[in-house]
Amino acid sequence: MEFARGAACGADNILPPKKKLWRATRHKDFSRSIRFFMWMLLHDGYKVGDHWTNIPGHTEKATCSHCGVTESMSHILTNCDAPGQSLVWDLASELWKRQVGPELRPTISEIMACGAITCGNKGTTRLLFRIIVSESAHLIWKLRNNRVINEEDPASNVEIQNKWRKATSSRLLTDKNVKYGNRAIDGSLVKSTWCKVLKDEYALPKYWYRETGVLVGIG
């Protein structure tokens, strides 16, 4: 929690109240699965690393079999050399640089606080700290579980790229299609969130974010 508060303190260097971070895990920009993932992250609720050290018959689970170090959520999401982590952040960074510029390599603190961090305008804030960071971190976690818990073969680079593009494109389509109720999103915000990162954006209708039947995807 304290690491997350530090990441979300902003330019004024004032730590936000804890309740702001808890509320942020339930932000409407997050899907239900992402909300649970963010809540567990902030609670340190996932059983990794030292959790297994004193459990007979399971001590080997404390160590990352790929890197040979004690596993942690920070290691899994930001440092692990197993297939997934580095490539996913490369893809996220490539997308981010199209709209903003700097490379995107969030720390574990920034990942935990991504629902409460602001960065530039509303569209930029959504694209970076609420959507791209949360979706990318969640995908890395799922890739790790498939490899370690389900004992599947590591995903290939092509498979990882396809999974990441599917996750982000699905999130884009959700933005575009949700028009009513508590989760309704203003069209101009959808446009500012996804501008400069769409596939064949130059060929899309001017008001693509309002029109049904218009196919859009991540470029």
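These legends accompany close-up views of a predicted model.

In this predicted model, local features need pLDDT of at least 70 and side-chain atom pairs count only at pLDDT 80 or more, while totals for chains, interfaces and linings use all residues. Residues are numbered from 1 along each chain as its sequence is written, and side-chain values use heavy atoms, with hydrogens and water left out.

**View A. Phe 37, Tyr 46 and Trp 141 form one aromatic cluster.**
The structure holds four aromatic pairs; rings of Phe, Tyr and Trp (its six-membered ring) pair if their centres lie within 6.5 Å, and planes under 30 degrees apart count as stacked, over 60 as edge-to-face and the rest as tilted. One of the pairs is Phe 37 with Tyr 46, tilted, at 6.1 Å centre to centre and 40° between the planes. Phe 37 has 0% relative accessibility, so this residue counts as buried (under 20% relative accessible area, with exposed over 50% and partly exposed in between, using a 1.4 Å probe and protein chains only). Tyr 46 is buried too, at 15%.

Tyr 46 sits in the loop between helix H3 (32–43) and helix H4 (73–79), and Trp 141 belongs to helix H7 (residues 122–148), so the pair ties together parts 95 residues apart in sequence. Helices (H or I, at least four residues) and strands (E, at least two) are DSSP runs, numbered from the N terminus. Trp 141 is buried, with a relative accessible area of 8%.

**View C. Helix H3 leads up to Asp 44.**
H3 has 12 residues and reaches 17 Å from its first C-alpha to its last, close to the expected 16 Å; the expected span is 1.5 Å times one less than the number of residues. Its buried residues are Ile 34, Phe 37, Met 38, Met 40, Leu 41 and Leu 42. Asp 44, which follows H3, has a positive phi, near 55°.

**View D. Helix H5 covers residues 85–99.**
The 15 residues of H5 should span 21 Å, and the end C-alpha atoms are 22 Å apart, which agrees. Buried residues in H5 include Trp 89, Leu 91, Leu 95 and Trp 96. After H5 comes Gly 101, with a positive phi near 130°.
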